[in-house]
Each structure stands twice: as structure tokens, then as C-alpha cells.
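Let's take a walk through this one together. Have the viewer open and follow along.

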Amino acid sequence: MSGSQTAKKYEFKAEVKKLLDILVHSLYTSREIFLRELISNASDALDKFRFESNRGSEISDKDLPLEIKIEFDEKDKTLKVIDTGIGMTRDELIANIGTIAKSGTEEFVKMIAETKADAGNIIGKFGVGFYSVFMVAKEVEIKTKSFRIDEPAIKWKSDGLGDYELEELEGQHLRGTEIVIHLKDDSAEYAQKWQLENIIKKHSNFISYPILLGSEKINTVTALWREPKSSIKKEQYDEFYKFLSYDNDPPMDIIHKSVDAPIQFNVLLFIPKKSSEFFWYDRENYGLDLYVRRVLIQHKNKDLLPEYMSFVKGVVDSEDLPLNISRETLQENIVFSKIASSVTAAVLSYLSDKTKNDATGYIEFWKEHGKIFKLGYQDFTNHDKYIELLRFNSSTCKDNDELISLADYSSRLKDGQKEIYYITGVNREAIVLDPHMEIFRSKGLEVLFLFDPVDEFVIQAIRKYKEYDFKSADQVDWKKLSDLKNIEEKKSELDDLNKDDEKHFYSLLSKMKSILSDRVEDVVKSNRLVDSASCIVSRDEGLSASMQKILKMANKEMGEQKKIFEVNPNHKLVRNLLKIFKVDANDDFIRNTTEQLFESALLQEGSLEDPHKLVRRINQSLEQSSEWYVEVKKIK
Ligand code: ADP
Ligand code: MG
């Protein structure tokens, strides 16, 4: 080739340099995936070409077959990946290869640098696949000619170190792209036929264009989703899933359906065994591949499934959409939206069947994907189906692992029970110790345990299950609970207060109210506590304590909601306070104990701002009790 005098040097953008530096200077175990990335780019380029051609654009070299060729030279240590796809103009080369336009790239670079993760394994997921070639190459040339008539062929050349060169190629060139890879010495194996054949079979078997190694076609090129279910082996599904997802594990579930009326479509979906650990780094990397009559229209279409099913991978193919449909107008297409709602319904009904046919499998699904799936509370269309698929831990479960449905809960409702009770907490152990649980435990009433902050949003958004409202344990009206039939009743070990003491008890409550003054709305006698001396409750019409906490974190402007402090007259500590109170209503012990009980309740609720006073008080009272203890034990 001539023309080196016209070659121009360009520098890579900073983020590309960082990425290249990582790829060039590190040794990765999965270097072979560079070939998957190049073949995938070739296939994308062929898709794009077919798309242009279908919509009647003017194109060059109309009659070239759509295919991918792999050529190799073991002696020279070179490898070529050649496609007859859309090609690139000079400007496109600069934009596509010299810069990284995608979000997520920075996170990718950071993550690789921080975690020393194997870049080869995850690079494809981040859409920076081309550069992976520098794991094996000391120099790469791209010779490319755009499908646009009259565009010259361009050569790009780089050693992946800091800059690249561009020059116009002279003479006749056909449409498409040829990637020439000069392999590093330690990567010479990638110029061997058996090795290439292995890698292509392993990673690129389902590419929908022929991949020719020399003159031999290597890949299968079948549209698996169009085949009858009965003819497909589990291994074929698994292999296809692996190709789609880059996942090393086989899928947890396979949903394969063929629908003929009213609209024809085939759908093949997979639920991964593991939730994607990069999900939050990589929010955009989800969606289903949309085909029309076996022709790929769009990778990762995000409108075929709602976001709360974004862990689902797969393919949808329809006869009833026009081949030249544009991605921009898909959303307004009625046939497309009908397909999308059927696909969503198919997933929901698959999951609903799974709850019945494979209950343990469903729990596994929930534990892996529930965190995302529960965000479906915004899907009003499928509300009734969605709500049955929710799972919670509850007071009837024997441990953390057991989960129940709302249907399970409602089958155990007591006579007259109109509400489904729930309580929030960091874990089961914490909830079990929460004073608000005491009334439910003493009456044998079931309470849902919500550990994930999102759970309460879900509960508030769905509002009801059948005719039952959800009620937070710290807002429940104890009188309603007492009206329920068929409930157990645990009596306090202490005798009821006599008339006279009851009067004193109410005066004690007023005293406590004056001590806590504007920190509480009221101090009242508790009818819900059994084992604890006191607790804080929220007004029925206000927000639950945990909701207040969440909102406060999100928005500092929120006004403080006043708390109601409940005191248990049937608790030993309170009975002793009463004795002291009757002798001296202004005894310091009453003030200190009131402060202590109130701050302890705030601490349990998670709303105590500063623990210093509380700790000082505890330590003082420990000091006192240690003196009494020494006395009682007659220790010298
Ligand atoms: P991605 O494929 O996720 O976009 P890559 O790093 O693999 O990321 O490729 C970057 C871009 O370079 C592609 O989006 C495409 O525009 C362009 N490109 C790469 N290979 C080819 C090819 N063989 N033909 C045409 N364009 C290509
Ligand atoms: Mg790519």
C-alpha cells in the first residue's frame, strides 16, 4: 500500500488510553474473548447493513454475500476478521474507535483497576469490546469502506499505546471491514486453526451470519427460538443462553413460547441463575433482542419487558412487524405494544406456575431476583398477578429463609381481622426484640417482617391485598386488636392496679409528659406492651416511624412528627416508679428513668440523634446498682 506520506496521527481520548493501558499491560485468563468481540462487531455491522438495505438506502457492492471470514497465518502470527457489513467512513472511525461514547466505561475502568477483576470476562458487557483485541495484539490495522457510495476506503493503524494513524487507501476496495491483527508472541496460538475453531464454536456459534474459517463454515446459524420446543435439547438452550448473556452458569429458567393469534410471535427467554453483580454499574445493559422474520432489528430493546423484569434475557421474533420498521417508531406501533404486553404476561404466568409446580425453585428465584422484581409495584396493568408473586418473611416463619405470600397470610387471618400487619427492621433478630411486636405475639397474630427499605414502598403503593389494608405495627390501634375473635391472650403476672394506684399512675403519666415536654405529643397508658416498660407509637393517620426515617434521609425539610409515648402499667419498673412517685413526685429518679426510657425507645426506632446522654445515664445507674449488688452479696 502506498500513501504513508498522507497518514495522519491522532491521539486516543483519555478514557481510551486508560482502558488500553489496562488491557495491554495485564495478563488475563480469558483473552480468547477478543475474537468473540470482533465477530460480534462484524455481525452488528452486517445487521446495520441489512437494515440500511431494507429501508432502501443507496448502497455500494449490492451483491456481496453477507458473511464473516476469518483468515490466519501461523508463520506470520497474523489473524484477520473480515466482514461485508456497513463499514466506516473516516469520521466514523474517529468517533467509534478513537473515543468511548458510552456511559459505564468509566465505571468499568475503575472497577477493573480496583477489583482486579478479569477484564476479559466482563468487557463485552460494557460495550468496549473492540479494545480487547489489544490483549493479544501488538499492532492492529482496520481497513474499512463504508456502504455509502463514493466514500473512500480508510486504514486505521495502532499499537494500542497512545495514538493511532489514519490514511486513505488507494485503488479498488469492497464494502466492509477487515481487521488485521499482528499477534504478540505469547498469543501466537490464536493463529492456529483448531484453536480458532474451538473459540468460535464456544462463543460465537449462534451468530446469524456464516462464519467462514478458510472456506469452512464453522457456526450453526439456526434461529433456535423458531424451532419446535420438542426438538430442542436442554444443552442447545444452555448454549444459546451462554451466547446471549456471557453467563458461565446455565439459566435458572427457560421460557419458550410460540404464539399464532391474534399476533404471530416466538419468544425465547431466560432467567439467569445469579442476579448480575454489575447491575447497578450497568443499568443500560438489559433488554431483549427483537427480530422480524429472523432478521435482527434491535439489540437489547427496552420496551418489550418492563424494567422490573430487566434480569430476563432473550429473543422475540415476529412475522407481523414490517422488516423496515424503524427503532424510533417501534413504541408507537400497535402490533409491537401488543407483543410487548403478551411477553410480560408470559413471564408473569410462568412465574405464577412456578410458585405452584416448584415452590422451592420460586423461593430461589425470589432470593436472587426479588430485589428488582418487587419494583413491579408500579405496573398497574398486571397488579393482580404481580401481587400474588410477592414474598415476605413473617412471624410465623421459623427462620429467615422461609417466605410466605400474601395469600398464605390471608388464609390465616383471625375472625374479624381486616388488616395485614407489618413491621420493619434490619433483621429478624431485631424485629423479635421490638416492643411493638409484643401485642401481636401475646395475641398470636401474624406480622409481615420487612427487611428491605423498598418493601414498605411496595406495601404503601399496593395499599391493599384483596379487601385487607396494610397496617404498620407502630400505628396499629390496640382496640381493634382486642375486638378480634379466636385470639390467644397472655395475662400479665402482676395484679391489676387498684383504683387508687390507677389515679396515681395517671398523675405519673402527666409528670412524665411535663418532663419530656415538647418532644412528645402525649404520654399514655399502654395496652399493647407485655414485656417492655414503654414504647413510641405513631398516629394512625401519619407516617410509620420507618417511613419518616426514609423520608427524612431523602429530604431534610420534612417537619418532625410528634410522638406518642406509651407506658406499660404492668411492668415492674413502672410499678417501682409509681411507689417512688407516691412518696415524692419530684424525685430525680423519676426524671432520669423517664428520660432513659424515652431515649431508649428513640434508639430502637433509629431516631436518637445523640447517644451521649443516654450512655452517661446508663453508666451512672450501673454504678449505683453495682454498689447495691456489693451490699446485697455482702462482698467486702
Ligand atoms: P460496541 O460494539 O459495544 O459498540 P466496540 O468497542 O466493540 O463497542 O465497538 C465500537 C464501535 O466501533 C461499534 O459500535 C461500531 O460502531 C464500530 N465498529 C467496530 N467494529 C466494526 C465493524 N467490523 N464494522 C463497522 N463498525 C465497527
Ligand atoms: Mg462490540
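Which residue is the bridge partner of Glu11 in E6? Asp163 is the one. Before going on, some housekeeping: this is a predicted model, where local features need pLDDT of at least 70, side-chain atom pairs count only at pLDDT 80 or more, and totals for chains, interfaces and linings use all residues. Residues are numbered from 1 along each chain as its sequence is written, chains are lettered from A and ligands numbered from 1 in the order in which they are written, and side-chain values use heavy atoms, leaving out hydrogens and water.

Now back to the sheet. Strands (DSSP runs of type E, at least two residues; helices are H or I, at least four; both numbered from the N terminus) pair here if DSSP finds at least two bridges between them. Nine of them make an open sheet with mixed pairing, in the order E1-E6-E5-E4-E7-E3-E2-E8-E9. E1 (8–11) and E9 (216–217) sit at the edges with a single partner strand each, so one side of each has no neighbour in the sheet.

E1's pairing with E6 (residues 163–168) is antiparallel, over four bridges. On to E5 (residues 154–158), which is also antiparallel to E6, with five bridges; Ile154 has Glu168 as its bridge partner there. The E5 and E6 hairpin has four residues between the strands, and Gly160 takes a positive phi near 75° in it.

Elsewhere in the sheet, six bridges link E3 (residues 78–83) and E7 (residues 176–183), again antiparallel. Ile82 pairs with Glu178 of E7.

Finally, look up Tyr629, which belongs to helix H20 (residues 612–632).
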